[in-house]
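Have the sequence to hand as you read.

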Amino acid sequence: MLQLQKISKIYWKQGHCIIALPPADLTVGEGEFIAVRGASGSGKTTLLLIAGGLLHPDSGHVLVQGKDLYQMERGDRAHWRSRNIGFVFQQYHLMPYLSVLDNVLVPQLAAEIGGLEERAVELIHHFGLASRQFHLPFELSAGEKQRVALARALLLKPRIILADEITGNLDPHNAGIVLRFLHEFVDQGGSVVLATHDAGAAAQAHRTLSLSIEKNMIGTE
Amino acid sequence: MGIGRLVIKEILHRRINFFSGLVSIILSIAVLIGVLFTLAMLDQQTARVLAEKEKETVARMEALQDDYRKIMKLLGFNLLIIPQNQKLADYFEEGQVREYMPAYYAERLADARLVTIQHILPSLQERIYWPEKNRTIILIGASGEIAAADARLREPMLAAVPRDHAVIGYELARSLRLKPQDSITLLGHTFTVQNCNEERGSKDDISIWIDLQQAQQLLKRPEQINAILALKCHCHGNDIDQVRRDIAAILPGVRVIEQTSKVLTRAEARDRAKEEAAAALAAEIANKKRLRSELERFSSLLTPLVFLVSAIWLALLFFVNVRDRRSEVGLLRACGASDRKVMSLFLIKGLIMGLLGALLGYLLGAVIAVMRNPDSRLIDVVNIPLLGLALITAIILSLIASWIPAFYAARQDPALILREE
């Protein structure tokens, strides 16, 4: 479904080369739950952004159904992303002035697809947020916010969810709920790549990709 | 959820940012519209004042014209017809005509029946030495009035002096102690004093009037005269040139001299009044033009400056807005939003700001301009072309100011945003 071949990323800062992501390989198959582990700064987020078509790698290829994602036009890549990828972030990135319902509907706006209100309401109910449907983000708890973010990521029925430290701000109970929803998605045929430094969360994945802080060690467990 | 709803919710959420920009547009448009309204009203006011003044002038001129016609009808004006070879300089210097023309000229003029001439008085006059009294006098031979054109207009003018009679000027009568019925001897001929004139303060006071034929005999100028006085001539306006041409056609070799009359003075006064009115009108126009020009010059500096400051301020506000919404932009890009979609978030906001700013700025500028002008009514606020101009200007202003920040937002690296946030 998604194949990352020898992708790497470096940054230049004040004349020094910083390796944000050493060369890495990763293949995401249908119905797979993959954890990407590593300490802060090890390149987990960079890997997810490259995988999602948001960050051009300095080397390597990201293949989608045999095509190199970064050989596509900018607009085509955005279109592919809207149909195939659901991003979930640690910081939720909810729009502060939109209700829960409207926040869930944001991908519809980005992808210019209409008639998804019913699905949005279904997702809100599914994630236990029915009573919060018209609340603004500042009225929600951290767990609720993350569930809204997850519902938003699922609105357009993506094939892959790229989740970046989504349990980082949650207590174990809410973290458990969120992970349960991810499993549910996988059970329905979707794929999840979860970047986390939480060993407990990573343990729930089918397999784990470990990124080393030293930037020169990449391995799988 | 449409993009419009998202933009409106964002506007309501970040009210201060939006209203700061809105106020800036309102002020810019208010200045523009206020200036244009004031200029338009100044033009209207000028046109109205000019129309009123022109109307007043026309009415005044008509009144004067009417007055002039009436006086003209009553008084007429006087012409002196003299031989053409008479030097005018000598005439004006001596007050005496030294050349002669045939006496029948008077009858010919009368026979021509010019409707413009009422009274025709032929005369022969010479400055002579009166040997019997040892003094210089002006002897005037007058035949009385020759029948003229329109009998209806005619009124008694001057009675003819009967033969062997004389009319004595004031100064002569006083110094010689003459009175009516006295006898005088002039150049060997005896005359009875018919009348002594009142003082006139002119050469008439040293003049003696006798019958024209007797004067021709005494002065040895048979069948000759040297002046025809045409009194109470009538013509439309003060166009005596036509009268001159008429006389010249009848009497060849004469010169027509216009003698100043009340009517001419009045006509000249009327012309002067007309000129003064025209000058006052021109001064009013010049004053209004000067005011307009000053206002135009001032506004041509102020308006672009206000717009420039407003555009800079708007651009700054939009940059602040882009910075505040980095997270939103990053999320939208992560959801697959195109550059166009991201830009439209800011451009639609700019459009809304421009539309609202145009309407409110138009109202503010128009109402202030109308209130400052006492001649204006509230309905004058409605001016569709100016409203259109306000809309176009405000939208262009807001779109230009929001375009660069919107473009910047669309070109931001979502990866950088999402990693930093």
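## Ground rules

This is a predicted model, so to speak of a local feature takes a pLDDT of at least 70 and a side-chain atom pair counts only at pLDDT 80 or more, while totals for chains, interfaces and linings use all residues. Residues are numbered from 1 along each chain as its sequence is written, chains are lettered from A and ligands numbered from 1 in the order in which they are written, and side-chain values use heavy atoms, with hydrogens and water left out.

## Chain B at a glance

Chain B has 12 helices and 11 strands. Both come from DSSP runs numbered from the N terminus: helices are H or I with at least four residues, strands are E with at least two. Of its 421 residues, 47% count as buried. Here buried means under 20% relative accessible area, exposed means over 50%, and partly exposed is in between, using a 1.4 Å probe and protein chains only.

Chain B exposes about 21600 Å², with carbon and sulfur atoms supplying 59% of that. Accessible areas are from the Shrake-Rupley method with a 1.4 Å probe, and for residues only the protein chains shown count as cover. Take the chain B contacts between residues at least 6 apart in sequence: 81% of them join residues at least 24 apart. A contact is heavy atoms within 4.5 Å.

## A nonpolar patch

Phe319(B), Trp403(B), Ile404(B), Phe407(B) and Tyr408(B) make a nonpolar surface patch of about 540 Å². Patch residues have over 30% relative accessible area and no salt bridge; like charges are joined within 9 Å, and nonpolar side chains (Val, Leu, Ile, Met, Phe, Trp, Tyr) within 5 Å. Helix α11 of chain B, residues 384-411, gives the largest share of the patch, four residues. Trp403(B) sits in that helix and is partly exposed, with a relative accessible area of 45%.

## Buried spots

Where does Arg152(A) lie? Look in helix α6 of chain A. Arg152(A) is buried yet has no salt bridge, and the nearest side chain of opposite charge, Glu328(B), is 10 Å away. For charge, Lys and Arg count as positive and Asp and Glu as negative, with His and the chain ends not counted. The Arg152(A) side chain does reach the backbone oxygen of His93(A), at 2.8 Å. Leaving out residues up to four places away in sequence, Arg152(A) touches several residues, among them Tyr92(A), Asn103(A), Pro107(A) and Leu331(B).

Over in chain B, Asn226(B) is in the loop between β9 and β10 (227-233). Asn226(B) counts as buried because its relative accessibility is 0%. A polar atom of its side chain lies 2.8 Å from the backbone oxygen of Gln125(B). Back in chain A, Leu182(A) lies in helix α7 (residues 172-187) and is buried too, with a relative accessible area of 0%. Leu182(A) and Leu150(A) are 32 residues apart in sequence and 8.6 Å apart in space, C-alpha to C-alpha.

## Positive phi in two loops

Most residues other than glycine have a negative phi. Leu187(B) is not a glycine, yet has a positive phi of about 50°. Leu187(B) is in the loop between β6 (183-186) and β7 (189-196). Lys220(B), also not a glycine, has a positive phi of about 60°; find it between α6 (212-218) and β9 (224-225) of chain B. Lys220(B) is exposed, at 68% relative accessible area.

## Salt bridges

How many salt bridges are there over all chains? A search of the whole structure finds 24. A salt bridge is a side-chain nitrogen of Lys or Arg within 4 Å of a carboxyl oxygen of Asp or Glu. Lys6(A) pairs with Asp25(A), the closest N and O atoms being 3.4 Å apart. This pair links strand β1 (residues 2-13) to strand β2 (residues 16-28) of chain A, 19 residues apart.

Arg207(A) bridges to Glu32(A), with the closest N and O atoms 2.6 Å apart. Here the link runs from strand β9 (residues 207-211) to the loop between β2 and β3 (33-37), 175 residues apart. In chain B, Arg333(B) bridges to Asp339(B), the closest N and O atoms being 2.8 Å apart. Salt bridges with shared partners also join Glu10(B), Arg14(B), Arg325(B), Glu328(B) and Lys349(B) into one network.

Terms used:
A polar contact is a pair of N or O atoms within 3.5 Å; within protein, one must be able to donate a hydrogen and the other to accept it, and residues adjacent in sequence count only if both atoms are side-chain atoms.
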